[in-house]
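The structure is shown first, and the notes follow.

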Amino acid sequence: MAANANTLTNRLKQQPWGLWWLQARRLTRIEVRRNLLSWRASWIYFLAFVPAAILLIHAVFDRFDSRNRLDMSDDTMVLAGIVQFYYIRLGVFFGCLGIYARLIRGEMVERSLHYYLLSPVRREILLLAKFAAGSFSAILLFGSSIIAAFALTYLPYGTAGHDFVFNGPGLAQLEAYLAIAVLACLGYGAVFLLLSMIFRNPMPAAMLVLGWEAINPVLPSILQKISVASYLRHLMPVSVPGDGIFALLTVETEPVPAWAAVFGLLVLIAVVLAYSCYRIRRLEIRYTTD
Amino acid sequence: MSVYKHDYRAYSGRITPAWARVGVLVRYGLAEAWSSKITIGLGLASMIPFIIFLIQIYLANNPATRLLVSRNNLRFLDVDAEYFLRALEAQCWFALPLMSWVAPRLITYDLADSALPILLSHPISRFGYVLGKFVAAFASLASVTVLPCLVLFVYQCYCAPPGWTMANLSIAFGIVAGTTIWITLLSMVGLAFSSWVKWRTLATGVIFAAVLVPAGVGGIVTAVLRTRWGMLLNLPFMMTQLWQRLLGVPEMVRTARDWSLPSAAILVMLIASCLVCAAMLNARIRGREVVRG
């Protein structure tokens, strides 16, 4: 047993980690530039920053009373609602769909993936570098948009807002929102990357995922575990109840500790990425049928 | 290239009427749309709520069933305007995934394969081309929305006691008007966004996003700026309100805040959306080919 472990360690040490790291960095840099600095990516900026733009209008044109704690607690609920219902369900979902589905399937459609596959780079390095690039772009966009939305929510309240953020629960809430954004980007990203490799057209499957995530709160608790949004719901610092018929049908599950929710989601991401690495080893391109 | 023969003359025989040329596009469009197994799957899936509602009508008009459940609440067996609203909503929401799948098949291939200049070199105008594609999309959606709802209405007329039909004729008009507005808008949105997205697979997601993301943005506007007018961006909310009014269903109080919108504002917004889609189509549907390099 110990001998086997030693052999494995030796084999791992003999791998060209330096070369792989260099290749991954270069690939990531190319993809990040393509994701963030191209005209085609402009709609993702819209998805990410539209709540901040609306909050900016609110900050500039609406009257704020720094002593009015009632308004501030209202705005805290509104911000939680924006993260829970807009970012997780729509913004991050469609943003990640656009970013990650393009990484492999987009290259196939543009008939440029074979250049990567012909180069002396391990396919796993290619996949992980593309995933890292997509994750970096998505986290940068949605993370900064959440920071902007948070700042625009509390800045207009002046000293009361400052107190809430630095002497109250504000910073902890911001940390939680950022953690949710990061995990949402990684979770949805891993799922969409895999879907784009399995299906020639990943959109029907992605729409099924959207439908599954939408009806997830009304499903039995065991089924709620097979969902990205359900893990993220447990991390919300301020919970906003559903509205209308969904509020009646929502199945309240036992609260899950934050570490368990994060660990569960990270395991899901790791499993999906491991399977994606396995799939890309057998990936074949037939441009005539794609 | 030199042209040596100068004896070519324009065709002087009998030409087909303009509507027939559009009909060719419609025919090929419908064949293309329904050649996919996913389209057929979505069409069949949209029949599931229709069958459930059909069974409900049968049970509601069956004396034995009514006798069996008479001790309990009979409300769920009522076939009234609210029942038809539920049926209309179910069928109309099934039309969204169908449209997001069908519209890119109708238009994106022509654009991605640079086939538009060839098509428009035939005796058909840009308007005729868009009209042909629109009719194909509209007919596909009508088969899962207005037709099933009208079949339900006709079946209820057949099963119900005499006098029910005349007393509830406004429901049929509401169904036709409500579904026509919805599928017109959906067809325009589908064709417009498909024409702007070169990658067909992405177009399906973009059409979904074009309906759902503005709804989310409208929700944020409503919550942040404390105004109900943000709901004008929320297409599902607007359509539900419009359908309720067209069918004469009393508006349900869903939340503490009154977010109801005037019908005129809803109609103006829907017309504006259609005009924006028409402008998008006008910008993209042109007989030209861009060669980069």
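At what angle do the axes of helix α3 and helix α6 of chain A cross? In this predicted model, the axes of α3 (residues 42–61) and α6 (residues 123–154) of chain A cross at roughly 5 degrees and come within 9 Å.

**Helices α3 and α6 of chain A**
- Angles under 35 degrees count as roughly parallel, and α3(A) and α6(A) are therefore roughly parallel to each other.
- On the α3(A) side the contact includes I44(A), Y45(A), F49(A) and L55(A).
- Residues of α6(A) in this contact include L141(A), F142(A), S145(A) and L152(A).
- By class, the contact of α3(A) with α6(A) has 14 nonpolar residues, two polar residues and no charged residues.

**Contact between chains A and B**
- Chain A gives 25 residues to the contact and chain B gives 20 residues.
- On chain A, α3, α4 (69–109) and α9 (203–215) each supply at least two residues of the side that touches chain B.
- α4(A) provides the largest share of that side, ten residues.
- The side of chain A that touches chain B has 19 nonpolar, four polar and two charged residues.

**Helices α5 and α7 of chain B**
- The axes of α5 (residues 81–112) and α7 (residues 126–142) of chain B come within 10 Å and cross at roughly 155 degrees.
- α5(B) and α7(B) are therefore roughly antiparallel to each other, and their crossing is right-handed.
- Among the residues in contact are L98(B), M99(B) and V102(B) of α5(B), and K133(B), A136(B) and S140(B) of α7(B).
- The contact of α5(B) with α7(B) has ten nonpolar, one polar and one charged residues.

How values were computed:
Residues numbered from 1 in each chain as written. Chains lettered and ligands numbered in written order. Predicted model: local features only at pLDDT ≥ 70, side-chain atom pairs only at ≥ 80, totals over all residues. Axes fitted to C-alpha atoms, helices over the stretch in contact; angles between N-to-C directions. Helix = DSSP H or I, 4+ residues; strand = E, 2+ residues; numbered from the N terminus. Parallel < 35°, antiparallel > 145°, perpendicular 65-115°, else oblique. Contact = placed C-beta atoms within 7 Å. Nonpolar A, V, L, I, M, F, W, Y, C, P; charged D, E, K, R; others polar. Left-handed = near helix turned anticlockwise from the far one by under 90°.
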